[in-house]
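Have the viewer open as you read.

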Amino acid sequence: MSWDIWLIFLVLGLIVPWRGRLRIKKLKEMPRVGAMVRLSLYASTIAFQWLAVSLVAWRAWSHGFTAIQLGLTIHDGTRLLLASIVGAATIATLQWLNLRRVGKLPVEARGRLQVLAERILPQSTVELLPYLALAITAGLCEEFLYRGFAMAVLMHVGLQDWAVVLVSSVLFGLAHSYQGRGGIVMTLLIGIILAISRIAYGSLVPAIFWHSAVDVIAGIAGPRYLTPNGAVGQKGENLTHLG
């Protein structure tokens, strides 16, 4: 493969994780994270992801990767739609129940998830809509990058399916290293499920729905269970400050 393809893998494996950790470090150092900071974070992340997808798609198509190879196809629409809806509903329910479970733990036992809830997740209805746009963007863009492009390249160079699933999922987990070790492991496992769906259905569509469902519920249930008084839906901000 050409050097620019491997450069993209280098960015996905090193630069993206480093950027995420750096941004979270800066947020943690702030005495207070207000609405404008979060809205700016949402907007910049949306712009970055669409820019990344544009560049990667350009290089992929310039090297002859087809829509089929990238998972950008819809065939057997009824089957795909059913898998997408049922899978998204199931994952959304599990995500909601898990966040509710974590919310019952003492604050000091919640680890990095508590910090993310207080610093990143929407704290009001004004922030929720931009956050939902970010969640859907992540479902679309990250699936193209990790399950579309990355898996297509790994298949092209001759890796077996299990290796393709594992390598793409490791990259996906590293991209979420700002969530800590536990976050990396959980994201890697989610990545494996999404990668298997990509192979099983021959399309990114189910994975996009499932991925978006995880992030949407995080933005709705996370503040409800992990911030004082359930921040989303309040006019003001209910934010626990870190000392």
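## A glycine inside H7

Let's start with Gly191, which is buried, its relative accessible area being 0%. Keep in mind that the model is a predicted one. Gly191 belongs to helix H7. Setting aside neighbours within four places in sequence, Gly191 touches Arg147, Ser169 and Phe172.

If you want a distance to check, take Gly191 and Leu70: they sit 121 residues apart along the chain, and their C-alpha atoms are separated by 16 Å.

## H7 against H8

The helix that holds Gly191, H7, also packs on H8, with the two axes 8 Å apart and an angle of about 155°. An angle over 145 degrees counts as roughly antiparallel, so that is how H7 and H8 run relative to each other. Their crossing is right-handed.

Which residues meet here? From H7 come Ile193, Leu194, Ser197 and Tyr201, and from H8 come Pro206, Ala207, Trp210 and His211. By class, the contact of H7 with H8 has six nonpolar residues, two polar and no charged ones.

## H2 alongside H5

Next up are helix H2 (residues 35–62) and helix H5 (residues 125–156), whose axes come within 9 Å and cross at roughly 25°. Angles under 35 degrees count as roughly parallel, and H2 and H5 are therefore roughly parallel to each other. H2 passes H5 in a left-handed crossing. The contact of H2 with H5 is made up of 21 nonpolar, three polar and three charged residues.

## The cores

How many residues does the largest nonpolar core have? The count is 49, and the residues with the most contacts inside this core are Phe9, Tyr131, Phe144, Leu145, Tyr146 and Phe149. The elements giving two or more residues to this core are helix H1 (3–29), H2, helix H3 (77–103), H5, helix H6 (161–175), helix H7 (180–201) and helix H8 (205–226). H5 supplies the largest share, 13 residues. Apart from this core lies another, of six residues, including Leu27, Leu41, Leu116 and Ile120. As background, nonpolar side chains tend to be buried together in soluble globular proteins.

Back in the largest core, Tyr131 is one of the residues with the most contacts. Leaving out neighbours within four places in sequence, Tyr131 is in contact with Tyr42, Leu121, Pro122, Asp215, Val216, Ala218 and Gly219.

## H4 under cover

Is helix H4 (residues 112–119) mostly covered or mostly open? Mostly covered: six of its eight residues are buried. The buried ones are Gln114, Val115, Leu116, Ala117, Glu118 and Arg119, and Leu116 is also part of the six-residue core. The cover over the buried residues of H4 includes H1, H2 and H8.

One backbone angle deserves a look. Most residues other than glycine have a negative phi. Asp76, though, has a phi near 50°, a positive value in a residue that is not glycine. Where is Asp76 found? You'll find Asp76 in the loop between H2 and H3. Asp76 has a relative accessible area of 45%, so it is partly exposed, whereas Gly191 is buried at 0%.

Key:
Residues numbered from 1 in each chain as written. Predicted model: local features only at pLDDT ≥ 70, side-chain atom pairs only at ≥ 80, totals over all residues. Heavy atoms only, no water. Axes fitted to C-alpha atoms, helices over the stretch in contact; angles between N-to-C directions. Helix = DSSP H or I, 4+ residues; strand = E, 2+ residues; numbered from the N terminus. Parallel < 35°, antiparallel > 145°, perpendicular 65-115°, else oblique. Left-handed = near helix turned anticlockwise from the far one by under 90°. Nonpolar A, V, L, I, M, F, W, Y, C, P; charged D, E, K, R; others polar. Core = buried A, V, L, I, M, F, W, Y, C linked by side-chain atoms within 4.5 Å. Buried < 20%, exposed > 50% of the residue type's maximum accessible area, 1.4 Å probe, protein only. Contact = heavy atoms within 4.5 Å.
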